[in-house]
There are 2 protein chains.
Amino acid sequence: MRNHLDFFYFLGSTYTYLAVNRAEDIAARHNVILRWRPFSVRTLMREQNNIPFANKPAKLKYMWRDIERRALRHGVPFKAASSHYPIDADELANRVATLAAMEGWCPVFTQAAYATWFLENKDPGEIENLSAILLRIGQDPAAVIARANGDAVRGKYVSETGEARKLGIFGSPTFACGTEIFWGDDRLEEAIEWCTSH
Amino acid sequence: MRNHLDFFYFLGSTYTYLAVNRAEDIAARHNVILRWRPFSVRTLMREQNNIPFANKPAKLKYMWRDIERRALRHGVPFKAASSHYPIDADELANRVATLAAMEGWCPVFTQAAYATWFLENKDPGEIENLSAILLRIGQDPAAVIARANGDAVRGKYVSETGEARKLGIFGSPTFACGTEIFWGDDRLEEAIEWCTSH
């Protein structure tokens, strides 16, 4: 068996909210190490002309209802469909997540950012909200944001997006066990099973 | 609890193959009556500009792999990605399914049509293949096809598509318990749960 599972995600994908709140527990229960790997699904979706919700009101309405039902099922807090969607226009919060992954504080940051989005109905990509999140988790907002705008983090974000592209990833979240990919929070359990049996 | 679940589907949706082979057993186990309701998801997708796989090779490749894995998980036979996709260009097989639903032989027809598509790699919408399927299940091909091209069946197919539209349906399969909709074979168990608890 492999003992790690790659968790490719974009901070801005709605279904990823569920995975961000579920994946660590499930992985730990199966002795699987989860590697949080932020990437720009937006870049890949643009390249692939994959536009799941924009101008698709029926699908959009269903998506929020489905997330609400599944949050309830999994004991994940949920209030209402956020009025902020899409978020993180400049992908700054995603670059902060990239830095966080490089430095080891990615889960706590990502969970806090999603709580801001889903439970406080604020865009975690806006400087004011992002700064509040960083303060809350014990990081220095100005220093972190400066590094997130620097070349090292930008380069890492691009290279992680390239890794996702190579694996055939087209959506977030995607769990990758080697080259076997599982798309969607609803494939988390299958991905873990695959990981522990191959 | 409600004792019936509406199974809206399009004969031509790939994931619907799994539901067509799973739903009756699961429904029966929970004392739920499944109502098979063919509709033109193609019409709704065109209206909604919802094009999930065309010109999206990464997503298409994943879709077949995901179906293969899930078929194995559920004990549903699977050979390989069919080279026929999309199928049923004139939606004749779907109108035959509509007639079958009106006359009570919808499950056996739909299962046979999907077996032709997935296991024999033939388009069940082509007259020759459709006729062979009808013969195999004890129907008169010429008579059935004549009725499937008549106004009564065409009207029913359009009105069922209208019912789906009203429910906010955008994909196949969709399970509807009253106005609560569940999209995807992977939501079948949730739909049954909803149905038996509401």
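1. In this predicted model, A:Phe7 stands opposite A:Trp36, a residue of strand 2 of chain A. The two strands concerned, strand 1 (residues 4-9) and strand 2 of chain A, are paired in the parallel sense, with 6 bridges between them.

2. The sheet to which this pair belongs is open and has 4 strands, in the order 2-1-3-4 (chain A), with mixed pairing. Strand 2 (33-38) and strand 4 of chain A are its edge strands, and each of them pairs on one side only. From one strand to the next the twist averages 25°.

3. Strand 3 (residues 174-177) of chain B runs antiparallel to strand 4 of chain B, and 4 bridges join them. Within this pair, B:Thr174 stands opposite B:Trp183, which belongs to strand 4 of chain B.

4. Two peptide bonds in chain A deserve a check by eye. The bond that joins A:Tyr85 and A:Pro86 is cis, with omega about -5°. A:Pro86 lies in the loop between helix 3 and helix 4 (92-103) of chain A. The bond from A:Ser172 to A:Pro173 is also cis, and its omega is near 0°. A:Pro173 has its place in the loop between helix 8 (151-166) and strand 3 (174-177) of chain A.

5. A:Asn55, a residue other than glycine, has a positive phi, near 60°. A:Asn55 is found in the loop between helix 2 (41-47) and helix 3 of chain A.

6. How are the two chains related? Chain A is superposed on chain B by a rotation of 180° with 0.0 Å of shift along its axis, and the RMSD is 0.0 Å. That is the relation of a two-fold axis. The same surface serves both copies, since 100% of the contact residues of chain A recur in chain B.

7. The contact takes 25 residues from chain A and 25 residues from chain B. Between them, chain A and chain B bury about 2300 Å², with 44% of it on carbon and sulfur atoms. Which three residues supply more of the area that chain A buries against chain B than any other three? They are A:Tyr62, A:Arg69 and A:Arg187, which supply 24% of that area.

8. Charged and polar pairs across the interface were counted by rule. There are 14 salt bridges across the interface of chain A and chain B, and 18 residue pairs are in polar contact there (both at pLDDT 80 or more). The elements of chain A that give two or more residues to the side touching chain B are helix 3 (57-74), strand 4 (180-183) and helix 9 (188-197). Helix 3 of chain A gives the most to that side, with 8 residues.

9. Two of the salt bridges can be named. B:Arg65 and A:Glu180 meet through their side chains, at 2.8 Å from N to O. B:Glu190 forms a salt bridge with A:Arg73, and here the closest N and O atoms are 3.9 Å apart. This pair crosses between chains, from helix 9 (residues 188-197) of chain B, which holds B:Glu190, to helix 3 of chain A, which holds A:Arg73. The cut-off for a salt bridge is 4 Å, so the 3.9 Å pair is within it. Over all chains the structure holds 44 salt bridges.

Definitions and conventions: Residues numbered from 1 in each chain as written. Chains lettered and ligands numbered in written order. Predicted model: local features only at pLDDT ≥ 70, side-chain atom pairs only at ≥ 80, totals over all residues. Heavy atoms only, no water. Least-squares fit on C-alpha atoms with pLDDT ≥ 70 in both. Contact = heavy atoms within 4.5 Å. Pairing = 2+ DSSP bridges. Buried area = accessible area lost by both parts, 1.4 Å probe. Polar contact = N/O pair within 3.5 Å; in protein donor to acceptor, adjacent residues only side chain to side chain. Axes fitted to C-alpha atoms, helices over the stretch in contact; angles between N-to-C directions.
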